[in-house]
Amino acid sequence: SSLRMLMNNVLPSYRFRYPRRASSLNLHLRTIRASYPDRAAIRLHALVIGIDEYYDSETFPRLRGVVPDADAVNDYLMKKLQVPEDQIVNLRNGDATREAIVNQVRRFRDDQKIQKGHAILIYYAGYGAISGWHGRMVDEIQVLIPYDCHEGSIEPIPVLTLEETSKDIAIKKGDNIVGRYKYQVSFTHYQ
């Protein structure tokens, strides 16, 4: 199968370069492969985000291996699962602004090409943090850090917001939605 080929050819070199992340990526790709039989991949739509360089580079130093992780997921979707390029949105570094990420996730809800029951994958690799959010019942929540995040102006994206948006998408498109958020924890605490 194409998953076996990926695991035999691509992942060994990935494991060598990024040993700690290989098992996580392997498990994620295995889940995708089990969910989408060979020809069903054309019913898959994806948002693949990878950010290793940030606008506020003092707060968020450059990460290593994040964009290659996102590229590996994109390559797997296109080459192994044969998902058409127009069904995958890729945001890297400066293109992965807060506005772009939130708008792309919302776009899944309104996209006429996405029919009820089609699979939707949201993959994020970059910085994440714990945020105090006083307007909610929770004191601390997980957030994803978009490229343009800067304390006092552009806020991080609460994972809770993406989950709530996914519920809206599920009402219109079905609940075949996978969110995979891989992030390096930033020790910045947002209020």
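A: First a term: a residue is buried under 20% relative accessible area, exposed over 50%, and partly exposed in between. By that scale Lys172 is partly exposed, with a relative accessible area of 46%. Bear in mind that this is a predicted model.

Q: Which residue forms a salt bridge with Lys172?
A: Asp110 does, with the closest N and O atoms 3.6 Å apart. The pair links distant parts of the chain: Asp110 sits in helix 5 (residues 98-110) and Lys172 in helix 6 (residues 159-173), 62 residues apart.

Q: And Asp110, why does it count as partly exposed?
A: Because its relative accessible area is 40%, which falls between the 20% and 50% cut-offs.

Q: How many salt bridges are there?
A: The count comes to 7.

Q: What does Arg107 pair with?
A: Arg107 forms a salt bridge with Asp111, at 2.6 Å between the closest N and O atoms. Arg107 is partly exposed at 27% relative accessible area, while Asp111 counts as buried at 12%.

Q: Different spot. Where are Asp52 and Arg62?
A: Both are in the loop between strand 1 (44-50) and helix 4 (66-80), 10 residues apart.

Q: Is Asp52 buried or exposed?
A: Asp52 is buried, with a relative accessible area of 6%. Arg62, in contrast, is exposed at 52%.

Q: Which residues are joined with Asp52 into one network?
A: Glu53 and Arg62, through salt bridges that share partners.

Notes:
Residues numbered from 1 in each chain as written. Predicted model: local features only at pLDDT ≥ 70, side-chain atom pairs only at ≥ 80, totals over all residues. Heavy atoms only, no water. Salt bridge = Lys/Arg side-chain N within 4 Å of Asp/Glu carboxyl O. Helix = DSSP H or I, 4+ residues; strand = E, 2+ residues; numbered from the N terminus. Buried < 20%, exposed > 50% of the residue type's maximum accessible area, 1.4 Å probe, protein only.
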